[in-house]
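Trainee: I have this model open and would like to go through it with you. Could we begin with how the strands are paired?
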Amino acid sequence: MSEVSAPQSPWQTATIARILRRTPRVVSFFLQPSQPFVYRAGQHIDVKLTAPDGYEARRSYSIASAPEAGEQVEVAIERLDDGEVSPFFHDVAAVGDEIEVRGPLGGHFVWPDGDQGPVLLVGGGSGVVPLASMARHRATLSSEVPVALVYSARTWDEVVFRDELIELDSRGDGFNLTLALTREAARRPADHSRRIDLPMVTQSIAYLPSPPVVAFVCGSNAFVTAANQALIDAGVPARIIRTERYGV
């Protein structure tokens, strides 16, 4: 995501502790804040880069790690060639570097209190990041809240957290994963070779034991608009749909 949030917490220094490539265009950065903080699954942080001439570039990135993962905060950053911040992370940033961050931020797009469910998750591209935090949080707590995740990516190799999500799906504990690959054939019987649409959303909702009490949709502006309409057409009340949009 990229909308800069209103000041809600002070800026602090965070050190890049580890870097892990997730896909050809998405890399995870594990940040160690100088002042560790508690966050909820679905929240994000702001990142600020300052050039030698004083110019500042700020972006918001969803937290990928589960709140129980420890002091380090994982952000999975997609390379956007016309962006101001993501090229720095992909081309320049190294383990040991320090950056400025603030957070956690956001209180609307978060895992529901009290483990209310069922929950419907819909993500496109790197928009899966906050949804992955929710899935990891659920798994860490050994929660049995029914969850259906519909995730659209261009190709199999561009599915962020692919192996982890498939493993969560294989547990049979109420977490269901449906992948929609838009530029190549589906690899699993339950997946699809097209964009997310009404029949796909309807099918995913059918995996849940009852209608969702909340739905989270995250991705590009165009993706969120289309996915949100598909949910409404499938009978999901607009009042329970929470959306998060990202850009450069």
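Mentor: Two strands count as paired if DSSP finds at least two bridges between them. Please keep in mind that this is a predicted model. By that rule strand 10 (residues 214-220) and strand 11 (residues 241-246) pair in the parallel sense, over six bridges.

Trainee: Which residue stands opposite Glu-244 in strand 11?
Mentor: That is Cys-218, which stands opposite Glu-244.

Trainee: And how does the chain get from strand 10 to strand 11?
Mentor: The chain crosses from strand 10 through helix 5 to strand 11, and the handedness of this β-α-β crossover is right-handed.

Trainee: What about strand 8 and strand 9, do they run parallel or antiparallel?
Mentor: They run parallel, and seven bridges join strand 8 to strand 9. Within that pairing, Val-147 stands opposite Phe-175 in strand 9. Together with helix 3 (residues 162-170), strand 8 and strand 9 make a right-handed β-α-β unit.

Trainee: Is strand 9 buried or exposed?
Mentor: Seven of the seven residues of strand 9 (residues 175-181) are buried, so the strand is largely enclosed by the rest of the structure. Phe-175, Leu-177, Leu-179 and Leu-181 point one way, while Asn-176, Thr-178 and Ala-180 point the other way, and all of these are buried.

Trainee: Changing topic, how many residues of helix 2 are buried?
Mentor: Ten of its twelve residues are buried, so helix 2 is also described as largely enclosed by the rest of the structure. The buried residues include Arg-136, His-137 and Arg-138, along with Val-129, Leu-131 and Met-134.

Trainee: What span should helix 2 have, and what does the model give?
Mentor: At 1.5 Å a residue, the twelve residues of helix 2 (residues 129-140) should span 16 Å, and the end C-alpha atoms are 16 Å apart, which agrees. Helix 2 is followed by Ser-142, whose phi is positive, near 55°.

Trainee: Now the pockets; how much space lies in the largest one?
Mentor: About 530 Å³ of space lies in the largest pocket. It is lined by 22 residues, of which the closest to its centre are Gly-124, Gly-125, Ser-152, Arg-154 and Arg-195. The elements that give two or more residues to this lining are strand 8 (147-153) and helix 5 (221-233).

Trainee: Which of those gives the largest share?
Mentor: Helix 5 does, with four residues of the lining of the largest pocket.

Technical notes: Residues are numbered from 1 along each chain as its sequence is written. This is a predicted model: local features need pLDDT of at least 70, side-chain atom pairs count only at pLDDT 80 or more; totals for chains, interfaces and linings use all residues. Side-chain values use heavy atoms; hydrogens and water are left out. The expected span of a helix is 1.5 Å times one less than its number of residues. Buried means under 20% relative accessible area, exposed over 50%, partly exposed in between (1.4 Å probe, protein chains only). On a 1 Å grid over the protein atoms alone, a cavity is a set of points where a 1.4 Å probe fits but cannot get out, and a pocket is an open set with protein on both sides within 12 Å along at least five of seven lines; lining residues have an atom within 4 Å of a point. Grid points are joined across faces, edges and corners, and a volume is the space filled by probe spheres set on the points. A crossover is right-handed if, with the strands pointing away from the viewer, the path from the first strand over the helix to the second runs clockwise.
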